[in-house]
Amino acid sequence: AEIPNHQFISPLQVKPCKGADKVRALCYNSKSEEVAVISINSYIHCWNARTMKQLMSKRLPHTLENCCIAPDEEYQLYAVGSKSHTDLLDSRTLQSVRKIPSRHSGCGIRSVSFKGNILTIGTGTGLLLFWDLRANKCLESTMNSNRAVQIKAGRGWVDRDDGFMDGVSKYSPAIYTHCYDSSGTRLFAAGGPLQNSTMGNY
């Protein structure tokens, strides 16, 4: 078997993010040529990607566990996932335009992405949810119009040692990242345990 070869590069620039505690996630908006950053102290910061100058900062609508961000250049939005909501922000002003509550309390939003007019939301309980930007509601099943479409992650793998979740046998991996292929018909998702002390993957 061929041994993989890895290269390490040094950063071209290192810039402190003013007003940030710790940087939690970032994304690049190619339409505005900006880098948007969310920090653990519940702020969003925008940077000019060419000059690497910080342009503005704004407090996020929800303050707990803001941990993921994605841009939508067509609708000029940023989606930010928190413990109980996905917030849609106007990418030009950073004003909140919609607060999408999680359908499952306390699950936490762990990943967000846009594909066309669909916002896909990955949760801390292994669910993928789908929000229709045009209709401003969750996608609904064609068989049961009151039932939201969702995909449940498989069981994945978790190290079930003596301290595993205080003896809880049921485990659902958090969806930490997901993305579509270029056709929009296939969806990749990956993740693992929410608990820092637990080892596993999905």
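**Figure 1. Glu 34 in strand S2 of the predicted model.** Glu 34 is found in strand S2, which covers residues 34-39; strands (E, at least two residues) and helices (H or I, at least four) are DSSP runs numbered from the N terminus. This is a predicted model, in which local features need pLDDT of at least 70 and side-chain atom pairs count only at pLDDT 80 or more, while totals for chains, interfaces and linings use all residues. Residues are numbered from 1 along each chain as its sequence is written, and side-chain values use heavy atoms, with hydrogens and water left out. Glu 34 has a relative accessible area of 11% and is therefore buried (buried means under 20% relative accessible area, exposed over 50%, partly exposed in between, with a 1.4 Å probe and protein chains only). Contact means heavy atoms within 4.5 Å. Neighbours within four places in sequence aside, Glu 34 is in contact with Cys 27, Tyr 28, Asn 29, Cys 46, Trp 47, Ala 49, Leu 55, Tyr 78 and Ser 91. His 178 is 144 residues from Glu 34 in sequence, and the two C-alpha atoms are 22 Å apart in space.

Figure 2. Glu 33 is found in the loop between strand S1 (23-29) and strand S2 (34-39). Its phi is near 55 degrees, a positive value in a residue other than glycine. Ser 42 lies in the loop between S2 and strand S3 (43-48), and its phi is also positive, at about 70 degrees, although Ser 42 is not a glycine. Glu 33 counts as partly exposed because its relative accessibility is 28%. Ser 42 counts as buried because its relative accessibility is 3%.

**Figure 3. Lys 58 in strand S4.** Strand S4 spans residues 53-59 and contains Lys 58. With a relative accessible area of 28%, Lys 58 is partly exposed. Beyond its neighbours within four places in sequence, Lys 58 is in contact with Ser 42, Tyr 43, Ile 44, Thr 93, Leu 94 and Gln 95. Asn 29 lies 29 residues from Lys 58 in sequence and 17 Å from it in space, C-alpha to C-alpha.

**Figure 4. The largest nonpolar core and Leu 119.** A nonpolar core is a set of buried Ala, Val, Leu, Ile, Met, Phe, Trp, Tyr and Cys residues joined through side-chain atoms within 4.5 Å. The largest one has 17 residues, and those with the most contacts inside it are Leu 88, Val 112, Phe 114 and Leu 119. At least two residues of this core come from each of strands S5 (68-72), S6 (77-81), S9 (109-115), S10 (118-123) and S11 (127-132). Apart from this core lies another, of twelve residues, including Ala 36, Leu 60, Ile 69 and Tyr 78. In soluble globular proteins, nonpolar side chains tend to be buried together. Leaving aside neighbours within four places in sequence, Leu 119 is in contact with Ala 79, Thr 86, Leu 88, Ile 100, Val 112, Ser 113, Phe 114, Leu 129, Phe 130 and Trp 131.

Figure 5. Leu 133 is found in the loop between S11 and strand S12 (137-138). Its relative accessible area is 9%, so Leu 133 is buried. Leu 119 is 14 residues from Leu 133 in sequence, with 6.9 Å between their C-alpha atoms.

**Figure 6. Asp 159 between strands S14 and S15.** The loop between strand S14 (157-158) and strand S15 (174-180) contains Asp 159. Asp 159 counts as partly exposed at 29% relative accessibility. Its C-alpha atom is separated by 12 Å from that of Gln 195, 36 residues apart along the chain.

**Figure 7. The setting of the close-ups: the protein chain.** The protein chain has zero helices and 17 strands. Its radius of gyration is 18 Å, close to the 17 Å that the globule rule gives for 202 residues, so the chain is as compact as a globular protein of that length (the radius is taken over C-alpha atoms, and the rule is 2.2 Å times the number of residues to the power 0.38). The C-alpha trace spans about 50 × 50 × 35 Å along its principal axes. Of the 202 residues, 39% are buried.
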